[in-house]
Amino acid sequence: MTVIETQRLILDPYVPSDAARMAALHADPIVMDFLKDSKPLTAEEAAETFQRYLQCWETNGFGIYAVRQRTDGAFVGECGFWNRPDKPGVSMRFLTHSGFWGQGLGTEMNTAVTSWLFTNTGVMSFWAVTQARNKGAVAILRRLGGRVTETAHMGNTGLWRFEIDRLAWADARANLQD
């Protein structure tokens, strides 16, 4: 498993001792308001999700990272990829504690983890879902080369599904460097 370092962040694969941090993030109603169901996970749901995160690394060679600040090790959130049990294909997941919003950390961590995925694995594409009102997530997914393929994912109006493939990602990177 790979550790990724950026200018301000360290991304390392979740380990069992991260379970409480992950559960607290997923229990935060402010953070979870922007996810599909707009509700926090119960302790049981968080524990089940965390176990799937850990299994993803073992099964696929990629997974969800714990994201920490380089300066003090503070837990910022999570990002990465997993195969969800309810939908086909590789799915991106990213969440940050609300105290870290508006600092560009979401872009920094997701750019790094997408670069790692497309450089170090055979994954050709992934998808991500966010609420249209989550302007920060929408902007991040567009910067990665994402295109909206659904505006009512799973019948939920305003829940957008983005598709990102290697070519679109490479084009987005090239446009940022111009």
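**Exercise 1. Work out which residue classes line the largest pocket of this predicted model, and where that lining comes from.**

Step 1: Sort the lining by class. You get 24 nonpolar, 13 polar and 11 charged residues.

Step 2: The largest pocket has a volume of about 1,000 Å³.

Step 3: Look towards its centre. Of the 48 lining residues, the closest to the centre are Phe34, Leu35, Arg93, Phe94 and Leu95.

Step 4: Trace the lining back to secondary structure. Two or more residues each come from helix 2 (29-32), helix 3, strand 5, helix 4, strand 6 (125-131) and helix 5 (135-143).

**Exercise 2. Describe helix 3 (residues 43-60) and find what its buried residues pack against.**

Step 1: Check the span. Helix 3 has 18 residues and runs 26 Å from its first C-alpha to its last, close to the 26 Å expected at 1.5 Å a residue.

Step 2: Pick out the buried residues. In helix 3 these are Ala46, Thr49, Phe50, Tyr53, Leu54, Cys56 and Trp57.

Step 3: Find their partners. The buried residues of helix 3 pack against several elements, including strand 2 (9-13), helix 1 (19-27) and helix 4 (105-120).

Step 4: See what comes next. Gly61 follows helix 3 and has a positive phi, near 80°.

**Exercise 3. Decide how many disulfides the structure holds, then check Cys56 and Cys79.**

Step 1: Count them. There are zero disulfides.

Step 2: Check burial. Cys56 counts as buried because its relative accessibility is 4%, under the 20% cut-off. Cys79 is buried too, at 0%.

How values were computed. Residues numbered from 1 in each chain as written. Predicted model: local features only at pLDDT ≥ 70, side-chain atom pairs only at ≥ 80, totals over all residues. Heavy atoms only, no water. Helix = DSSP H or I, 4+ residues; strand = E, 2+ residues; numbered from the N terminus. Expected span 1.5 Å × (residues − 1). Buried < 20%, exposed > 50% of the residue type's maximum accessible area, 1.4 Å probe, protein only. Contact = heavy atoms within 4.5 Å. 1 Å grid on protein atoms, 1.4 Å probe; cavity = no way out; pocket = protein on both sides within 12 Å on 5 of 7 lines; lining within 4 Å. Points joined across faces, edges and corners; volume = space filled by probe spheres on them. Nonpolar A, V, L, I, M, F, W, Y, C, P; charged D, E, K, R; others polar. Disulfide = S-S within 2.5 Å.
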